[in-house]
Every structure is written in structure tokens, then in C-alpha cells.
Amino acid sequence: MIFLMDLQMMLLDVIYFILRNSLRVILRPRTKPIDGELVLITGSGGGLGRLFALEFTKHGAEVVLWDINSNSNEQTAKLVHEMGGKAYTYAVDLTSREDVYRNAELMRKDLGRDVTILVNNAGVVAGKRILDCPDELIERTMKVNCHALFWTVKAFLPQMKAQNHGHIVTIASVLGLFSTACVEDYCASKFAAVGFHESLAHELLSEEVEGVKTILVCPYIVDTGMFEGCKIREEVELLLPPLEPQYCVEQAMNAILVNQPLVCIPRLTYLPVLFRALLPWESNVTAYRFMGSDKCMYPFIETTKKQVTNGSVAVA
Ligand SMILES: NC(=O)C1=CN([C@@H]2O[C@H](COP(=O)(O)OP(=O)(O)OC[C@H]3O[C@@H](n4cnc5c(N)ncnc54)[C@H](OP(=O)(O)O)[C@@H]3O)[C@@H](O)[C@H]2O)C=CC1
Ligand SMILES: CC1=C(/C=C/C(C)=C/C=C/C(C)=C/C=O)C(C)(C)CCC1
């Protein structure tokens with residue numbers, strides 16, 4: 001009897017959430033205020049990281065900027081200061097667990113307060129076919145895009161849980177939900193990031209830590225230069241052009257501020273996720289060939305090859 005009542009309640013809840021989420025597409029829910037929050041952004045010297053820093057500043061938050069590239073990171077901080085915001089920069093190599101923990105402690109000492117929003121944004125890609133790719137580049141991709149998520153969450157989640165207040169943002173990719181050729185390192189790391197995020201979200205929900213939110217952000221190609229050259233069939237590209245970085249970050253910010261748990265940008269990219277789950281592998285392969293998405297990374301790999309300087313391996 002109790003089982004049947006539970007089943008009935010569960011089905012009603014499932015229907016309620018389908019209706020609520022469909023309505024949310026049309027009627028945007030109210031955004032939460034984040035003024036005074038302390039937001040840590042990794043990869044803050046890069047294309048999306050910098051724009052996230054500026055958007056969070058616009059909303060009145062203070063930003064902690066973590067990047068391996070001090071020059072571009074300082075440039076981000078300068079832009080934040082010009083807006084009248086507060087930014088604190090740290091040179092952090094996310095491939096090193098020790099560097100992550102050391103800088104988390106240093107930041108805590110410097111600022112005397114805890115991070116309340118963690119944006120795991122830093123990402124890299126080897127940009128080489130698997131048989132041409134040095135092992136070190138593959139390891140780097142796994143360390144930055146996947147392992148670093150563990151270290152940053154372990155560094156900042158305890159305080160969020162203690163306060164029952166916080167938000168963990170994982171910038172993954174549509175290539176964490178479906179894949180294509182010649183980006184094995186990247187897809188493996190982003191599928192892992194999606195798995196990490198989902199398990200963490202389930203853990204917080206099962207422990208009823210209601211105040212700590214999570215969100216998975218999965219963008220399609222963004223014009224930041226990271227995937228320079230990546231191209232699908234022209235006719236399909238008209239429907240699905242590369243995203244403007246500013247548009248991508250605005251969409252992600254909206255989703256964060258309404259506590260949405262997942263956002264694929266643009267919405268059209270939910271379709272390949274569905275097809276991958278429902279259609280036979282061969283049907284997907286046929287559709288890939290038609291859309292030119294089977295070889296979309298070929299020109300990107302050529303572009304990366306041209307970036308080899310002084311005989312050393314280019315780091316995309
Ligand atoms: N661009 C795209 O098409 C898409 C990107 N994404 C994801 O969005 C995120 C941001 O990408 P985007 O802004 O385009 O990339 P960028 O390359 O512009 O920025 C990435 C930043 O991370 C820094 N970084 C690299 N390695 C490390 C490290 N070991 N420790 C600390 N920082 C490091 C980079 O420094 P340096 O400049 O020295 O390399 C750079 O400043 C990534 O996670 C990416 O995977 C998702 C979908 C599409
Ligand atoms: C594979 C594939 C497509 C192309 C996807 C591409 C080109 C994705 C590139 C994503 C990047 C660069 C993400 C970075 O994180 C389509 C056309 C949607 C159709 C379905 C299958």
C-alpha cells in the first residue's frame with residue numbers, strides 16, 4: 001500500500017517537474033541576488049572565464065581569478081577594477097593538486113572568507129589525432145578538465161556545506177554529452193566532468209544539502225579561438241553557427257541565477273543528445289556524415305599543427 005502511494009506521489013512529482021520546466025522556457029523565473037558573494041573562476045584569463053568575471057562583477061559579486069597565465073589573468077582583473085569591482089588574482093596550475101590546495105589556503109588567509117560560488121571553467125584540448133598525440137598532452141587534458149574538478153570541489157565544498165550556502169558551476173561541453181572524431185582526450189575528459197557533476201549533484205540532494213546548488217553548462221562551439229577551424233557542413237552551420245562568447249556567458253549566467261541544474265547552449269543541441277540515446281549507432285553515424293560532423297575537427301587539427309613553433313609541441 002505504502003509502495004503504491006509512493007509510486008503515485010513520484011509520478012505526480014515527475015509530471016509537475018516536466019510542466020514546471022516547460023513553463024520556465026517561456027516565463028523566466030526570478031533571478032537570485034548575488035551581490036556580496038565571493039566567486040572563484042578558474043581559467044579566468046581565457047575567453048569565457050574573463051567574460052564570466054565581468055558578468056559576476058556586473059551583478060555585484062567579488063571575483064577570485066585563478067589562471068596559469070598571469071598576464072591574461074591580470075588583464076581580466078584590470079577590466080574588473082575598471083568596472084568598479086573587486087578582483088583577486090592567483091597564478092594556479094590546475095594540473096597540480098598541491099598547487100590547488102596551496103592556493104585555496106592562501107586565498108582564505110588573504111581574504112579571510114570563503115568562496116560561495118565556484119566556477120570550474122578552465123579547459124584545454126590537445127588538438128591532435130590520438131596516434132600523433134604525446135602522452136603528456138592527453139594527461140594534461142584529463143588533469144585540467146577532469147581531475148581539477150575533484151581538487152577544487154574538495155577545497156571549497158566543506159565551507160559551502162557548513163554554511164548550507166553555495167553554488168558549484170561546471171563548464172563542460174556538448175562534447176561531454178555526445179562526441180565526434182579526433183578529440184578523444186577532450187571528449188573523455190568532458191564526459192568525465194559530466195559524470196563527476198551528476199554524481200556530486202546526487203550526493204548533495206541525497207544528503208538534503210538544499211542550500212548548495214549545482215549546474216552543468218554544456219556549450220556548443222564558442223568563438224574564443226580554442227577550437228579555431230572546427231567546421232560542420234555549411235547548410236547546417238546556418239542553423240547552428242558558432243556561439244558568440246558574450247551570448248554563451250549570458251545564457252549560462254541566466255541559468256546560474258535561476259538555479260537551473262543543466263543548460264545546453266544553444267537549446268538545439270539537446271536534440272543530438274536525445275538522438276544519441278534513442279537511435280541506433282549506425283543511424284547517428286549516417287546523420288553525422290550528412291551534417292559534416294564526422295570530420296568537423298579535421299580543419300581544427302590542421303590549424304593546431306600550424307601553431308607548432310620552434311619545433312616544440314603546440315599547446316592548444
Ligand atoms: N571554446 C569553445 O568552443 C568551448 C569551450 N568550452 C569550455 O569552456 C571553458 C572555457 O573555454 P575557453 O574560454 O574557450 O578557453 P580559453 O583557452 O580561452 O581559456 C582557458 C583558460 O584556462 C587556462 N588554463 C589552461 N591550462 C590551465 C592550467 N593548467 N591551470 C590553470 N589555468 C589553465 C588558459 O591559460 P592559457 O591561455 O595559458 O592556456 C586560459 O586562460 C573550457 O572548459 C572549455 O572546455 C565548452 C564548449 C565550447
Ligand atoms: C557532432 C555533432 C554535431 C556537431 C558538433 C560539434 C561541431 C560540436 C563542437 C563542439 C565543441 C567545439 C565543443 C567544445 O567544447 C551536430 C552538428 C550538432 C550534429 C550532431 C552531431
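A residue counts as near a molecule if its C-beta atom, placed from the backbone, lies within 6 Å of it. Keep that cut-off in mind for the two ligand stops below. The model on screen is predicted.

Start with the sheet. Select the seven strands, which form an open sheet in the order β3-β2-β1-β4-β5-β6-β7, with parallel pairing. Go next to the edges, where β3 (87–91) and β7 (262–265) each have a single partner strand, so one side of each has no neighbour in the sheet. From one strand to the next, the twist averages 15°.

Now select β1 (residues 38–42) together with β4 (residues 117–120): three bridges join this parallel pair. Pick V39 and find its bridge partner in β4, I117.

Select ligand 1 and the 27 residues around it; G43, G46, N69, G123 and T224 come nearest. Helix α2 (residues 47–58) supplies the largest share of this shell, three residues. By class, the shell of ligand 1 holds 13 nonpolar, twelve polar and two charged residues.

Finish at ligand 2, which 18 residues surround. The closest are S173, I221, F227, P272 and S293. In the shell of ligand 2, 14 residues are nonpolar, four are polar and none is charged.

Note on methods:
Residues are numbered from 1 along each chain as its sequence is written. Chains are lettered from A and ligands numbered from 1 in the order in which they are written. This is a predicted model: local features need pLDDT of at least 70, side-chain atom pairs count only at pLDDT 80 or more; totals for chains, interfaces and linings use all residues. Ala, Val, Leu, Ile, Met, Phe, Trp, Tyr, Cys and Pro count as nonpolar, Asp, Glu, Lys and Arg as charged, and the others, Gly among them, as polar. Helices (H or I, at least four residues) and strands (E, at least two) are DSSP runs, numbered from the N terminus. Two strands pair if DSSP finds at least two bridges between them. Axes are lines fitted to C-alpha atoms, for helices over the stretch in contact, and angles run from 0 to 180 degrees between N-to-C directions.
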